[in-house]
Amino acid sequence: MISPTVFFVAIVSSMLINNVVLMRFLGICPFLGVSKRTESALGMSLAVMFVMVVSSILTYIIYYYILAPLDITFISTIAFILVIASLVQLVELFIKKISKKLYKGLGIYLPLIVTNCAILGVVEINIAQGYPEDYGLFNGLWVATTSAFGAALGFALIMFAFSSIRERLEAAEVPAAWQGVPVSLVVAGIMALAFLGLGGIV
Amino acid sequence: MAEKTKKNPMKKKKQQLGQLANFTKGIIRENPIFVFLLGMCPALAVTATLETGVGMGILVIFVLTASNIVVSLIKNFIPDEIRIPSYIVIIATFVTIVGMLTQAYAYALYQSLGIFIPLIVVNCLIMGRATAYASKNDVKSSIIDGLGMGVGFLAALALIGITRELFATGAIAYGVYLPLPFEGSIINTSMYLFNMNVFVGPAGGFIVIGIWLAIFNARGNYLKKKKEVERQAWIEEKKKEAAERKRKKAMEKAGEAA
C-alpha cells in the first residue's frame, strides 16, 4: 500500500512547486483569454478540473494496459488527443442532459478545453514520470490521478488570483502602450517570481 | 479576344502580388504571437535560448504547412460535425512524424524541447490556420499562408530567445541544440547587466514578452497618431479648397449678374 505522504507530496508539488501555468507554461491561452472576470475564470477552472482528472485516468489505462503491451506507444499523442476530444464531447452531452443551469455556466468553456495545452500537457507529464516503476502498475494510477488533481487545483488557484488582479488593473491608470495584455504579462511574471520562492518545500 | 490577351498578364501580376502579400502578412501585420497572441505556451516555454526557439519555429513551420496542405486538399470531403476532430488527428499525425525525426536527427533539441514537441498538437496557431484559412482556400495559397505564418512565429520566438539569452548569459550560443557542424558563441560580454539568471526562468519569459508587446503597441499607437494627424491636415486642405471654389463661383455669379 502507498503511504498517504506520497499523495500529499504529489498534490503539493503539482499544485504549487510545478504549477501548471506559472512554472510549466501550460494553458496560457485560457490564462490570458478567460481571466477578465472572476466568474468566467472559475467556470473555466471547474471545467478544466473535471476533464483533467478524468482524462488522466483514461489515458493512464490506455497507455499502460493497451499501448504498452502492444508496443505501439509511438502513437500515444494521437490516442491521447482523441481521448480528450471525445471526452469533452461526452461531458458536454452529459452536462446538457442533467442540468441546464450547469450547462449554461460551463458549456461555452468546454469546446475551448480541447485545445487547452494544460490537459494534454499534464497527461503527457504523468506518463513521462513513469509512476509504475515506483509504485506498481495499479497503484501508479492513483498517484497519477492525485497529481492531475493537484495540477488542476493549481490552475484554478492561479486563474482565480490572476482574474482578481486583472479586475483591479482595469481601474488602474496604465500607460497607453502597456494597456491590456502587456501589463497582464508583467503581472504574471511577478507572480511567477513569487512562486519561485516555494521551490524548496518538498 | 485581343482584349482577353491584354487583360491576362495584368491579372497574373496582381495574383502574384497577392501571394507575396499573403506570405508577408504573417510576419509583421498579422504576427501570430505579437498581434494575435496565438501559441503563447511554446513562446514562453522554449525561448530560454535562441536555438531552442528557432528549433521550435522550424518544427511548427513544417507541421503548419503540412497540415494546411492536407486540410485544404480534403476540405470538401469532411462533414461539418467532425471537422475539428479530424483536423486534430491530421495535426497529431504530423506532430508524431516531426517528433520522431527530431529524436533521430537532433537529439539535443528533442531533449530540451521535451514535452513541448507533442504539445504542438494543441498549438492554437496551427488549429486556427486550419479552420480559418486552409478550410476555405485552395492548396497553393494555403501553403503560402502556412509558410508565412510559420516564419512569423519563428521570427517572434527568435526575437524573444535572443533577448532572454543575451540578458541571462551575456552571449548567444550556436551549435548546442541544433545539429550544426560548428559550435561557439557570439557577442560575449562580461558585464553584470548581462548576467541575470531570472531571464532563464519563467518570470523572465513573461516579462520579456510583456515588454516586447508594449514596444510593438507603442509603435502601433505612434503610427496611428501620425496617420490621424495627416488625415486631419488633408481634411483641412480639402475644406480650404472647397471654400476657395465656392468663393470663386460666387464671384463669377456676381460678375455675371452685373
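Student: Where do helices H3 and H4 of chain A approach each other, and what is the crossing angle?

Tutor: This is a predicted model. In it, the axes of H3 (residues 38-70) and H4 (residues 76-98) of chain A come within 10 Å. They cross at roughly 140 degrees.

Student: What is the hand of the crossing of H3(A) and H4(A)?

Tutor: H3(A) passes H4(A) in a right-handed crossing.

Student: Which residues of the two helices meet?

Tutor: H3(A) brings A:Phe50, A:Val51, A:Val54, A:Ser55, A:Leu58, A:Thr59, A:Ile62, A:Tyr63 and A:Leu67. Facing them in H4(A) are A:Ser76, A:Ala79, A:Phe80, A:Val83, A:Ile84, A:Leu87, A:Val88 and A:Val91.

Student: What makes up this contact, by class?

Tutor: The contact of H3(A) with H4(A) has 14 nonpolar and three polar residues. It has no charged residues.

Student: Where is A:Ile75, and why is it called partly exposed?

Tutor: A:Ile75 sits in the loop between H3 and H4 of chain A. Now count its neighbours. A residue is buried at 20 or more C-beta atoms within 10 Å, and exposed at 12 or fewer. A:Ile75 has 14, so it is partly exposed.

Student: How far is A:Ile75 from A:Tyr63?

Tutor: Their C-alpha atoms are separated by 9.9 Å. Along the chain, the two residues are twelve residues apart. A:Tyr63 is also one of the H3(A) residues in the contact with H4(A).

Student: What elements make up chain A?

Tutor: Chain A has ten helices and zero strands. From the N terminus on, the order is α-α-α-α-α-α-α-α-α-α.

Student: How do you know that the radius of gyration of chain A agrees with a compact globule?

Tutor: Compare the two values. For 202 residues, a compact globule would have a radius of gyration near 17 Å. Chain A has 18 Å, which agrees. Its C-alpha atoms fill a box of roughly 60 × 45 × 30 Å along the principal axes. Of its 202 residues, 41% count as buried.

Student: What about chain B: which elements does it have, and what makes it more spread out than a compact globule?

Tutor: Chain B has eight helices and two strands. Along the sequence, they follow the pattern α-α-α-α-α-α-α-β-β-α. The globule rule gives 18 Å for 258 residues, but the radius of gyration of chain B is 26 Å. That is well over the rule, so chain B is more spread out than a compact globule. Its C-alpha atoms fill a box of roughly 95 × 60 × 35 Å along the principal axes. Buried residues make up 37% of chain B.

Student: How many residues do chains A and B bring to their contact?

Tutor: 33 residues of chain B are in contact with 35 residues of chain A. On the chain B side, the elements that give two or more residues are H2 (40-45), H4 (83-105), H6 (124-134) and H8 (202-257). H8(B) gives the largest share, eleven residues. By class, the chain B side has 27 nonpolar, six polar and no charged residues.

Student: Why is B:Arg129 called buried?

Tutor: B:Arg129 is in helix H6 of chain B. The cut-off for buried is 20 or more other C-beta atoms within 10 Å. B:Arg129 has 26, so it counts as buried.

Student: Which residues touch B:Arg129, beyond its neighbours within four places in sequence?

Tutor: They are B:Leu64, B:Asn68, B:Ala134, B:Asp145, B:Gly146 and B:Met149.

Student: How do you know that H3(B) and H6(B) are roughly parallel?

Tutor: The axes of H3 (residues 50-73) and H6 of chain B come within 10 Å and cross at roughly 30 degrees. Angles under 35 degrees count as roughly parallel, so H3(B) and H6(B) qualify. Their crossing is right-handed. Among the residues that meet are B:Leu64 and B:Asn68 in H3(B), with B:Arg129 and B:Ala134 in H6(B). The contact divides into seven nonpolar, three polar and one charged residue.

How values were computed. Residues are numbered from 1 along each chain as its sequence is written. Chains are lettered from A and ligands numbered from 1 in the order in which they are written. This is a predicted model: local features need pLDDT of at least 70, side-chain atom pairs count only at pLDDT 80 or more; totals for chains, interfaces and linings use all residues. Axes are lines fitted to C-alpha atoms, for helices over the stretch in contact, and angles run from 0 to 180 degrees between N-to-C directions. Helices (H or I, at least four residues) and strands (E, at least two) are DSSP runs, numbered from the N terminus. A crossing is left-handed if the near helix is turned anticlockwise from the far one by less than a right angle, and right-handed if clockwise. Two residues are in contact if their C-beta atoms, placed from the backbone, lie within 7 Å. Ala, Val, Leu, Ile, Met, Phe, Trp, Tyr, Cys and Pro count as nonpolar, Asp, Glu, Lys and Arg as charged, and the others, Gly among them, as polar. The radius of gyration is taken over C-alpha atoms; the globule rule is 2.2 Å times the number of residues to the power 0.38. Angles under 35 degrees count as roughly parallel, over 145 as roughly antiparallel, 65 to 115 as roughly perpendicular and the rest as oblique.
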